[in-house]
Amino acid sequence: MPGHSHDRRAGVTGGVKRAAITGTGSALPARRVSNAELTAQVETSDEWIVERTGIRFRHIAGPHETTATLAADACRAALAAAGRVPADIDLIVLATATPDQTFPASATKVQALLGVPDCVAFDVAAVCSGFLYAIQVADCMIRAGAHSRALVIGAETFSRILDWEDRATCVLFGDGAGAVVLEASDDGSRGILATRLHADGRHNDLLYVDGGPSTTGTVGKLRMKGREVFRHAVTNLSAVLSESLAAAGLSAVDVDWVVPHQANARILDATARKLGLAPEKVVVTVDRHANTSAASVPLALDAAVRDGRIRPGHLVVLEAMGGGFTWGAAVVRM
């Protein structure tokens, strides 16, 4: 359908100032699991989990729920919020570390589930930072004039790669998906103002999965050295927040909301303190969703948009750090 694809990209020129978020959406598996329920599986307690992480609940995907189905549900909500239909989309970028299959890209499954005509669709793998990586990729493609409307998604089913006998990790993660519609805009008052991304592959052994097609031929399970990850997270996240704000010509006092990766409540608190940000400016959903990896930032963003906290005109900073290590931040005027 090359003609249709061309029509959807019509009017996109080099004069586009930036890409703007015009709709948000999210999706969670039907099953919600409390800390108390986990105590029947592993030796832990609600008090231990809450004190160290702030997590009280997480959602776990059922047999018929996958990364792609959750992603598609989140996209439907985002499209409705933006007043768009699937045929309006010409780019799908899905951030995930838990694809439905080794290949093809789960983004193409989302395309098929939504009924999006011929478009560009691919996955991005940067673990918990994946949504930030996907946002920058889509932003650059829109600014270049190649595309006009994108679905940018973070979706995970981390429950499928957890070692349910390892109480240090299995209590931390959950499943879910979040999505935004990103559109070419010449409205100078809104859009993505700056993004900054980083990676340092020397820290592979601090947070990784012990399997893969090219090594073990298996999916593997998640492994993490939590104390070391915590230390790197606070340092890297506070630095990239400051860096992205400086790139946009702004400072912490200009920020209305920080939407961080929801890994651990203590990391969120420590990062906010290091930047001198008021805790009430930080969107927190880790208590309800646990760590949903690439899905956590768009899930939290959608929650704060839908409950009325984040409104048009607000300056929002998105940030995340994940295995690799990878980390990044984006400054967005809603």
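The largest cavity in this predicted model has a volume of about 40 Å³. Here a cavity is a set of points, on a 1 Å grid over the protein atoms alone, where a 1.4 Å probe fits but cannot get out, and lining residues have an atom within 4 Å of a point. Grid points are joined across faces, edges and corners, and the volume is the space filled by probe spheres set on the points. With a threshold of 30 Å³ or more, the count comes to one cavity. Its lining is made by Leu241, Val258, Pro260, Leu268, Thr271, Ala272, Leu277, Val282 and Glu319. Helix H9 (265-275) gives the largest share, three residues, and strand E11 (257-260) also supplies at least two. Helices (H or I, at least four residues) and strands (E, at least two) are DSSP runs, numbered from the N terminus. By class, seven of these lining residues are nonpolar, one is polar and one is charged. In this scheme Ala, Val, Leu, Ile, Met, Phe, Trp, Tyr, Cys and Pro count as nonpolar, Asp, Glu, Lys and Arg as charged, and the others, Gly among them, as polar.

Residues are numbered from 1 along each chain as its sequence is written, and side-chain values use heavy atoms, with hydrogens and water left out. Local features need pLDDT of at least 70 and side-chain atom pairs count only at pLDDT 80 or more, while totals for chains, interfaces and linings use all residues.

What about cysteines? A search of the whole structure finds zero disulfides (pairs of cysteine sulfur atoms within 2.5 Å). For Cys75, the closest cysteine sulfur, in Cys119, is 11 Å away, too far for a bond. Cys75 is also buried, with a relative accessible area of 0%; buried means under 20%, exposed over 50% and partly exposed in between, using a 1.4 Å probe and protein chains only.

Finally, some arginines sit over aromatic rings. A charge counts as over a ring if NZ of Lys or CZ of Arg is within 6 Å of the ring centre and within 35 degrees of the ring normal. Arg32 lies over the face of Phe57, 3.7 Å from the ring centre, and Arg167 lies over the face of Trp48, at 5.5 Å.

Methods
On a 1 Å grid over the protein atoms alone, a cavity is a set of points where a 1.4 Å probe fits but cannot get out, and a pocket is an open set with protein on both sides within 12 Å along at least five of seven lines; lining residues have an atom within 4 Å of a point.
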